[in-house]
Amino acid sequence: MTTAIVSDAIESPAAAAQQTRRRVVYWLIAPGVLWMLIFLVLPMAMMIYVSFWTQTTFKIEPILTTRSWVAFFTSETYLDALWTTIRIWLIVLGATLLVGYPTALFIGLFVRNKTLQTALLVVCVIPFWTSFLIRVLAWRPMLGTEGAVNILLMKAGLISQPIEALLYTDLSVIIGMTQIYCVFMVGPIAFMLSRIDPTIIEAARDLGAGFWRIFRTIILPLSMPGVVVGAIFVSVMVLGEFATSAALSGRKVNLLGNIIVTQVGSLRWSFAAVVGVVLTIIMGAAVSILLRVVDLRREL
Amino acid sequence: MSAGVLQITGLTKRYGGAVALDDVSLDIPRDCYVSLLGPSGSGKTVLLRVIAGFEEPDAGTIEFAGRPIVAAPVYNRGIGFVFQNFALFPHLSVEENVAFGLKNRAGATLGKSEIRDRVRAMIELVGLAGLEARGVHQISGGQRQRVALARTLVTEPPLVLLDEPLGALDANLRTRIRAELRMIRERLGVTFLHVTGSESEALAIGDRVIVLDRGRVVQFDDPDTLFERPASARVARFLNCYNLFGGAVAGASFQSDAGEFPLPRGPCPPRGFYGVRYDRIAVAPRAEKSGADQVSLTAAFVASEFTGPSLLSFFKLASGQIVEVETPLGDRAPPQYELGEAYALSWRRDGARVFA
């Protein structure tokens, strides 16, 4: 106590300046920290807490029990939903990468005009000018038995019977999600690619490398941070999805998100909390695995 | 000198309406350091990029080591290119950067150990031993320049194009790397074609100097010939060592705004510029009489710059034109001129030249 007072008294101007700077930093981060505490950390802690409450049909009591957890891990329905969520997530992640990377490659690397680049990226987000629900529901008249895709294929003589598997299946959910989330993959990758100095590609060509060699040794590694950021965006959004699967699967595809909606709807809070915690853990794991792939701090 | 390594004939390149290269023909000798000098916008970088294959010419042919290459893709040409900004691969280490060509060129057949040996030897040659594992952002500008050079040289191209390779370095380092470039080239016996906008760099580094102006080759000479006898007033102006007076020949003298100068002996164009080099002019107090065969002018002292081995002084003529005088100092102290005072500037009649 005494030493603190003494050192305060003989504080040098440099130390005083440092103190001021530190105070400014605290003020700057205070709102963000406060916000995160109240709206992120606190609810999450609450969610974990509630997942251990005792749930009866009509009410929920703060008596700690693992019953909801046991119920989740012993029910085939819920484990199925867990597996479906992971499967759909990985497929959509792969599909957005497959569709998004070439698009990003074109926009970020082959289009060198900055204005045109921006224009093309804007074109990519045009679907977002309508509401989420319309974007999802628009797939019904596209994919249905008498939908646009089937009519076109039949008119072209490629099929004689409409393909029924297009709508109300895993496939329709995957198509819908890929379309909606693809742009979140394209954006970060195109950004990283557009930062590649064109002369290093010229240098690689001059050293004798053909296009595929250059792609594998230069372009792909330099775009990896974009792939990782895009994959994090897509993962977080797909893992939390419930609307697309509800609208396009005819309730046949149940994701963890759908289960949370149902459980909350029937006021089974503690069970919904269990699913929420499981989902959060999966997301956390997905993000940390993706961050392992590339050291973003070094690359950005 | 043996047959040239690169023959260019009638090379023309336009961007929209602007002509970047206008009927350029050149024969670049084997085992030679050629510098390519030109003001900015003269087309020197375009010429290099067309030779390397990054740009396609609108007309003309290029023959490299006896075969036409205009239609060949860049990666098949086997011509080295060193970029002004070095263009190192940012995600690779020094060693990986140098090894890139040997590992990835089309039809690469070298074994791993052979590649490593060659890469190590090249890194040694350019003086980067010990930095193999460093990232290219963890080394200095001069070291990056050496990586860029090593990366190109290790693939053993008979011709290396260097696009203002010293432009990104500070002046001190520039002269040092300049000497190193010459040494390395001599050691490997390849041809360097070095683009630069600096006349002193071009003269210092090249065995031969090409001067490019507005897309045309205006002179291709030894550095001393170029310095001694520039092909035109524009070249002289660009060399930045000639005072030029515009005018026309009248009888036995050259008439200009600055006065009347007796013509140097030998053939002269009827009009153009009378030029006298900075270092050919002597400064004397006004009263002193100039000797026979001397040309003399009176001018007022304006300012001077001390450069170390010499003094660069500026004098103003009655016409308003500034005349520059370079006085080599040797052991002498720099002369002191009075500001605004008139002095007699004189030079030997045959020391001047008349340019078309």
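Strand S12 of chain B, residues 253-256, pairs with S13(B) in the antiparallel sense over 4 bridges. Pairing here requires at least two bridges found by DSSP between the strands. Strands are DSSP E runs of at least two residues, helices are H or I runs of at least four, and both are numbered from the N terminus. Ser253(B) stands opposite Pro262(B) in S13(B).

These two strands belong to an open sheet of 5 strands in chain B, ordered S13-S12-S11-S14-S20, with antiparallel pairing. S13 (259-262) and S20 (353-355) are the edge strands, each pairing on one side only.

On provenance: this is a predicted model, where local features need pLDDT of at least 70, side-chain atom pairs count only at pLDDT 80 or more, and totals for chains, interfaces and linings use all residues. Residues are numbered from 1 along each chain as its sequence is written, with chains lettered from A and ligands numbered from 1 in the order in which they are written.

Next, the interface. Which helix gives the most to the side of chain A that touches chain B? The contact takes 17 residues from chain A and 18 residues from chain B, where contact means C-beta atoms, placed from the backbone, within 7 Å. H10 (198-206) and H11 (211-239) of chain A each supply at least two residues of that side of chain A. H10(A) gives the most, with 7 residues.

Last, H13 of chain A, residues 256-265. The buried residues of this helix include Leu256(A), Ile259(A) and Ile260(A); buried means 20 or more other C-beta atoms, placed from the backbone, within 10 Å of the residue's own. Just after H13(A), Leu267(A) takes a positive phi of about 60°.

Definitions and conventions: Two residues are in contact if their C-beta atoms, placed from the backbone, lie within 7 Å. A residue is buried if 20 or more other C-beta atoms lie within 10 Å of its own, exposed if 12 or fewer, and partly exposed in between; C-beta atoms are placed from the backbone.
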